[in-house]
Amino acid sequence: FRRRATLTLTGVTLPQVGKFLDAWRSAEPAWTPASIDISPAGGKAPEAGGDLPLRVVITIEAAVVRRDGEQR
């Protein structure tokens, strides 16, 4: 079977999101991002720049496999 979790990060910059995903990949390699939704933190489109605050919703999932090889 698949386990799924969703987390929301607010007020983060795009470089911070990249660092978070890199750290996550190192710490929890079995959990992979299934979807990532990135939008301006204030709800309106930014004028310019990669360091503006964002709201990021990341859905992660992992498949759990039984010892007999069957996914549960």
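The side chain of E61 makes a polar contact with the side chain of R4 at 2.6 Å; a polar contact is a pair of N or O atoms within 3.5 Å, where within protein one must be able to donate a hydrogen and the other to accept it, and residues adjacent in sequence count only if both atoms are side-chain atoms. This is a predicted model, in which local features need pLDDT of at least 70 and side-chain atom pairs count only at pLDDT 80 or more, while totals for chains, interfaces and linings use all residues. Residues are numbered from 1 along each chain as its sequence is written, and side-chain values use heavy atoms, with hydrogens and water left out.

**The chain as a whole**

The protein chain has 1 helix and 3 strands, in the order β-α-β-β along the sequence. Helices (H or I, at least four residues) and strands (E, at least two) are DSSP runs, numbered from the N terminus. Of the 72 residues in the protein chain, 17% are buried. Buried means under 20% relative accessible area, exposed over 50%, and partly exposed in between, with a 1.4 Å probe and protein chains only. The accessible surface of the protein chain is about 5300 Å², and carbon and sulfur atoms hold 51% of that surface; such areas come from the Shrake-Rupley method with a 1.4 Å probe, and for residues only the protein chains shown count as cover.

**Strand pairing**

Strand β1 (residues 2-12) pairs with β3 in the antiparallel sense over 10 bridges. Strands β2 and β3 also run antiparallel, joined by 8 bridges. Two strands pair if DSSP finds at least two bridges between them. In β3, 8 of the 10 residues are buried.

E61 is found in strand β3 (residues 54-63) and is the bridge partner of R4. Contact means heavy atoms within 4.5 Å; leaving out residues up to four places away in sequence, E61 touches R2, R3, R4, A30, W31, T32 and A34.

The structure holds 3 salt bridges, each a side-chain nitrogen of Lys or Arg within 4 Å of a carboxyl oxygen of Asp or Glu.

| Salt bridge | N to O distance |
|---|---|
| R2 and E61 | 3.8 Å |
| R4 and E61 | 2.6 Å |
| D22 and R25 | 3.0 Å |

E61 is buried because its relative accessible area is 15%, whereas R2 is exposed at 52% and R4 is exposed at 57%.

D22 and R25 both lie in helix α1 (residues 14-27), 3 residues apart, about one turn of the helix. D22 is partly exposed, with a relative accessible area of 41%, and R25 is exposed at 56%. Salt bridges that share partners join R2, R4 and E61 into one network.

**Surface and loop**

I36 lies in strand β2 (residues 32-40) and stands opposite I58 in β3. I36 counts as partly exposed because its relative accessibility is 42%. Together with L14 and I38, I36 forms a nonpolar surface patch of about 250 Å² of accessible area. Patches are made of residues with over 30% relative accessible area and no salt bridge, with like charges joined within 9 Å and nonpolar side chains (Val, Leu, Ile, Met, Phe, Trp, Tyr) within 5 Å.

D51 is in the loop between β2 and β3 and is exposed, with a relative accessible area of 57%.
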